[in-house]
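Visitor: Could you walk me through a few features, giving the general idea and then the case at hand?
Guide: Gladly, let's look together.

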Amino acid sequence: MTESSLPVTMPPSTSAPPAPTLWSAVARVFELSLGQMLWSRRTIFMAVVLGAPVVLAIVVRIVDASGVTPLRVNGERVGGTTIFGVLLWWLYVRFVVPVLGVFYGTALIADEVEDKTITYLFTRPVPRRAVLIGKYLAYVVCTSLVVLPSLMIVFFLVVPLRDIGPSFLTLLTDLGLLAFGLAVYGALFALVGTVNKRPLVMGLVFAFGFEQVAMLMPGYVRRFTIVYYLQGLVPHAIPSEGITSLLASVFSEVPSAGTCLFWLTFILVGTLALAARAVERREYVLSQ
Amino acid sequence: MTVIAVEHLSKWYGQVSGLNDVTVTVPSGITGLLGPNGSGKSTFMKLITGQLKPSQGSVRVLDEPIWGNHALYRRIGFCPEQDAFYDRMTGLDWVTALVRLSGVSANDAPGVAARALEAVDLVDAGSKKIGAYSKGMRQRVKLAQAIALDPDLLVLDEPLNGMDPIMRRRTIELIRTWARAGRSVLVSSHVLHEIEALTANILVINNGRIVAEGNVHQIRELIDEHPHTVFIRARESRALARALLADDGVVSVRFEPGAVVIETAKPDAFYTRLTEMAARGEAGAIEEVTSLDDNLQAVFKYLVKS
């Protein structure tokens, strides 16, 4: 075959488009990353895990419908609203949200480095911080799309029909709380992921070591946790009946909702800004 | 005109030296960067595409410093060596997404991406997921994302690795046509034959140092003295080996699962024959051709000593 029989079609000359602005670049990275995240094995696994409380709620509903009290503490009947409050706090806020924050937040950049696809993002005419912020926003949306429907289903299954109306606004607060918690944990662990070589270990130690211990300790240490400020927003969702008094003791000495919102926002913005700065300055060496 | 200028450029990875006090200028047109695996080619390319920060020295690309200068990236197209993709995306979606990141509007991006895929002969496969692509197709889709926006400087890290002979020749012609239109290309390879088909202007790199630069013919004879090893993945590898054994340059033949590894003393004649056979469909389909570089090490050692 001669070269003349090998026609070559060149792409027509395209004048270089202006580089996208920061927020335009963020939107484009978000668009690219969201689809990747939603259908990742990690998300599918988490969606399956979040099916567990739904199954539990179905069991509670069936037991309740059959006339049997699903749960008693010290001989006292625990109502559906209280069960929902317990699930919200202990399962979603204390476990699911930090887990998602650790696994997704630390992986925002680390996954791209490990998969060696970071090259394509970092050789585009966009600031590196746009890559981080775009992926972070995709994380918030992706995890919210997994967690919030699970909580809503649990709510409608566990809370008695007569209480759904009065509790609905509380549900919206709870959903906002979870989304905000995901955002704050995600920002913190995004920072850990950009500056640390073993971000997953660090993240797990923080969320399930330091935070757990600090919350049991008296004094100021707990103020260096995220969960301390999240709990200041939770009591809205906790009904004041029976077992709730036990929970109330856990939530003693919580700061006001305004203070909690301020510090959570401060942590979110501060850690995300530091992560963005680290990504701009750091070089990522891909293994050969 | 100088498109790349580096001065006393060094890069260390901890205690390991990736590049060592390199001072070189790359003119416009096509320049080949030749060196064995681990010689510092990829480090050099990552430095001039702003992915790595120099440990020492300076890098200027298109007359501007590159590190942290993301606006300059819109004038550079980069095809990396690594075989890494978002495998669940189709080729068209992937190139479209990357083109969007370069600033092209949502309306224009699919058209720009489609034209780039057309240039590398991947239009038909554009709607397939990249995970289902062959090695050669993956190389081509990487090339497509690099050329899509008609950059002033194209940086290609081992772009021909794994391509079949026909596509290899076609890609060489694409790059040459590209340069004839007044743009610049820096292309790396560990195969002199490939570089020579592209340009006479080469930089030879080994152990993180530029050991030779200038005209390719000056080191041509040195390379030819050493047998050249080629890995060929083919559907009918035994029939292919039988056909190639007729060449007097073939020194040895070794079989691997679904492939044959041939050592030849006459690489030019060998590649020409292989391309002809592929074009005629002799001895079945050839899926992948990769040049192994073990024997080239001796040449680079010689260059370093001289």
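Visitor: How many of the five residues of strand S7 (residues 153–157) of chain B are buried?
Guide: Keep in mind that this is a predicted model. A residue is called buried if 20 or more other C-beta atoms lie within 10 Å of its own. Five of the five residues in S7(B) are buried, so the strand is largely enclosed by the rest of the structure.

Visitor: Which residues point one way from S7(B), and which the other way?
Guide: In a regular strand, side chains alternate between the two faces of the sheet. Here Leu153(B), Val155(B) and Asp157(B) point one way, while Leu154(B) and Leu156(B) point the other way.

Visitor: Which bridges join S7(B) to strand S6 (residues 76–79) of chain B?
Guide: Four bridges join these parallel strands, and Leu154(B) is the bridge partner of Gly77(B). S7(B) also pairs in the parallel sense with strand S8 (residues 184–189) of chain B, over five bridges. There, Val155(B) stands opposite Leu186(B). Together with helix H5 (residues 165–180) of chain B, S7(B) and S8(B) make a right-handed β-α-β unit.

Visitor: What is phi of Lys116(A) near?
Guide: Most residues other than glycine have a negative phi. Lys116(A) has a positive phi, near 65 degrees; this residue is found in the loop between helix H5 (107–114) and helix H6 (118–122) of chain A. His8(B) also has a positive phi, near 45 degrees, but lies in strand S1 (residues 2–13) of chain B.

Visitor: Is His8(B) buried or exposed?
Guide: His8(B) is exposed, with 12 other C-beta atoms within 10 Å. Lys116(A), with 18, is partly exposed.

Notes:
Residues numbered from 1 in each chain as written. Chains lettered and ligands numbered in written order. Predicted model: local features only at pLDDT ≥ 70, side-chain atom pairs only at ≥ 80, totals over all residues. Helix = DSSP H or I, 4+ residues; strand = E, 2+ residues; numbered from the N terminus. Pairing = 2+ DSSP bridges. Right-handed = clockwise from strand over helix to strand, strands pointing away.
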